[in-house]
Amino acid sequence: MAELDQEQNKTNQSDKKEQAEYSPHVQPDFLRETIKQKPVNKKKLIRRTLTTVVMAVVFGLVACFTFLVLEPVISNRLYPEEEAKEVRFPEETVAEEMKPEDMLVEEEAPPQPEVVQAQLEDEQIEQLLSLVRFDIEDYKMLYEEMAELARRINRAVVTVTSVVSDVDWLNDIYENEASASGIIVANNGKSILILASADAVNDADSIIVTFCDQATVDAELVQRDTTTGLAIFSVPLVSIEEETMDVIDIASLGSSNSANLLGTPVIALGSPMGMSGSVNYGIVTAAGTVLDQPDSAYKTIATDIYGSRNATGILVDLDGMVIGIIDNKNTSNDMGNLLTAYGITELKRTIEKMSNNRERAYLGVHGADVPEEAVTESDIPKGTYIKEIEMDSPAMNAGIQSGDVIIQVNDTPITAYHELLNVLYNASPEDVITVVLMRQGHEMNVDVTLGRR
C-alpha cells in the first residue's frame with residue numbers, strides 16, 4: 001500500500017513538472033525573440049525631406065504661374081468684360097457773323113401798320129409800375145433757385161486727394177495730403193473719368209476721389225497735360241457702390257465761344273474759396289483772350305468773383321453747362337484774387353485725347369494767324385505765323401524759326417493757326433510731316449519728326 005502511494009506521488013509530481021515545462025507563461029530560451037529598431041540613416045532622411053520640400057515649392061510655383069496665366073482667360077470666358085468705349089464730345093458749330101452786304105434788303109419790306117402812341121397819365125404809369133415789383137421775397141427766391149442749381153450740378157463735382165508718405169527728422173513716417181476739385185466728364189463703360197488739376201497729385205503714393213455723397217474710392221492717373229496742368233483720373237465702376245452711382249452725375253460741357261458771354265451770370269463750384277464745397281456767384285468780365293502757349297490756343301474767362309489764389313473747380317452758366325475750368329495761374333497780378341478759368345471749348349479735344357489715353361503729338365511752336373493787313377499790304381500769304389519756338393522741340397530740331405509762315409502741312413493747306421492745330425490733333429508722336437513754309441519771301445520744305453507731350 002505504501003508503495004502504491006509513493007508511485008502515485010511520483011506520477012503526480014511528474015505531471016506537475018510537465019505542466020510547468022509547457023506552460024504558456026514559461027517558454028524555453030531558444031523561443032524568445034528581441035525586436036531591435038533599424039538604425040536611422042540620417043543622410044537619407046535629410047535627402048528625402050529636402051526633395052519633398054523642393055518638389056512642394058516647384059509645384060506651388062507651377063500652380064501659381066498656371067493660375068496667373070489662365071485666370072484672366074477663364075474669367076474673360078465666364079465673365080466677359082466690355083471694352084472701354086471711346087470718349088467723344090460733340091463738335092461745336094460756330095455761327096458765322098452776318099456780313100454787311102447780307103443785311104441789305106433786296107425786296108421792299110411790306111408796309112408796317114401804324115403804331116398809335118397812347119399818352120398815359122402819371123397815375124396810370126404809377127399803377128403799372130406798382131404791378132411790377134421786386135421785393136425781398138423775389139430776391140430770396142432768385143438765390144434759392146441758384147442754390148438749387150448749384151446743388152444739382154455738385155453731383156458731378158468731386159474732390160481728388162493725393163497722399164504722399166515721408167519721413168521726418170526723427171525717422172517717423174507721416175503723410176501729406178493735397179486736394180483739388182474736379183468734375184466727372186465721362187463714363188466709358190469700365191471707369192468713371194474725372195478731370196482735375198494735376199498739380200495736387202505730383203509724386204503721389206495714392207490718389208483718392210471723394211464723391212458728392214462723401215464716398216471715397218481709390219483712383220489712378222490716366223494722363224496729364226503739361227500745358228494746362230490738368231489731368232484725367234479713372235475710377236473703376238466695380239469699386240463704386242450702387243448707392244453712390246445713383247447720386248453722382250456726368251457734367252454737361254457747354255460752350256465758351258458765345259459772343260454773348262460777356263456780362264452773363266456764372267456760378268463757381270468746387271473750391272473757388274480754396275475750400276472744398278464752396279460756392280460763388282458773379283458775372284463774366286472778360287473772355288476770348290488767347291494764352292501764349294505751345295501748340296495750343298486756349299482762351300481764358302475772367303470774372304468778378306473774389307476767390308483764392310489756389311482756387312480749383314468749374315464755372316457754370318445758369319443753364320447748368322460747364323463753360324470753364326478754374327485755374328488762377330494765368331491771372332495777372334493787378335487782378336488780385338479774381339477768378340479766371342480756361343474756356344471749355346478749346347479744352348474739349350484735349351480732354352478727349354486724355355480720356356482715351358492717346359498720346360498727343362508735339363511740335364513746339366507758338367503761333368498766330370497772319371493779320372489781314374499783312375496779307376493785303378505786305379504780300380504775305382495766309383497761314384500760321386510762328387512767334388516763338390520751344391527750346392529743343394521738334395520744330396527747332398527741324399530748322400523752323402521765329403518769323404516763318406507755315407502755309408501747308410503734307411497735303412493740307414494752312415490758312416490759320418487753328419488749322420495747324422487740327423493737323424497736330426490728328427497726328428501721332430513719331431509721325432514725319434512735311435511742312436511748307438515761307439521765309440523772307442522764299443518757300444521752303446521741312447521734314448519734322450513729331451515728339452510727345
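Nine salt bridges are present in this structure, which is a predicted model. The side chains of Asp225 and Arg360 meet with a nitrogen-to-oxygen distance of 2.8 Å. These partners come from distant parts of the chain, 135 residues apart. Asp225 sits in the loop that runs between strand 5 (216-224) and strand 6 (230-236), while Arg360 belongs to the loop between helix 6 (344-355) and strand 13 (361-362). Both Asp225 and Arg360 are buried.

The loop between helix 6 and strand 13 also supplies Glu359, whose partner in a salt bridge is Arg452. Here the closest N and O atoms are 3.0 Å apart. Because Arg452 lies in strand 20 (residues 451-452) and Glu359 in that loop, the pair ties together parts of the chain separated by 93 residues in sequence.

Glu372 is in helix 7 (residues 372-377) and Lys382 in the loop between helix 7 and strand 15 (384-389), so the contact connects parts that are 10 residues apart in sequence. As for solvent, Glu372 counts as partly exposed with 47% relative accessibility, and Lys382 is partly exposed with 44%. Elsewhere, salt bridges link Asp199, Asp327 and Lys329 into a network.

Turning to the aromatic side chains, three aromatic pairs were counted. In one of them, Tyr139 and Tyr143 have ring centres 5.1 Å apart and planes at 50 degrees, a tilted arrangement. Both tyrosines belong to helix 4 (residues 136-153), where a spacing of four residues places them about one turn of the helix apart. Tyr139 is partly exposed, since its relative accessibility is 41%, and Tyr143 is partly exposed as well, at 33%. The two are also members of one aromatic cluster, together with Tyr281.

What is the geometry of the pair made by the rings of Tyr298 and Tyr342? With centres 5.8 Å apart and planes at 75 degrees, the pair is edge-to-face, because an angle over 60 degrees counts as such. Tyr298 comes from the loop between strand 8 (278-290) and strand 9 (299-306), and Tyr342 from strand 12 (residues 338-343), so this contact ties together parts that are 44 residues apart in sequence. Are Tyr298 and Tyr342 buried or exposed? Both are buried, whereas Tyr139 and Tyr143 are partly exposed.

Definitions and conventions
Residues are numbered from 1 along each chain as its sequence is written. This is a predicted model: local features need pLDDT of at least 70, side-chain atom pairs count only at pLDDT 80 or more; totals for chains, interfaces and linings use all residues. Side-chain values use heavy atoms; hydrogens and water are left out. Rings of Phe, Tyr and Trp (its six-membered ring) pair if their centres lie within 6.5 Å; planes under 30 degrees apart count as stacked, over 60 as edge-to-face and the rest as tilted. Helices (H or I, at least four residues) and strands (E, at least two) are DSSP runs, numbered from the N terminus. Buried means under 20% relative accessible area, exposed over 50%, partly exposed in between (1.4 Å probe, protein chains only). A salt bridge is a side-chain nitrogen of Lys or Arg within 4 Å of a carboxyl oxygen of Asp or Glu.
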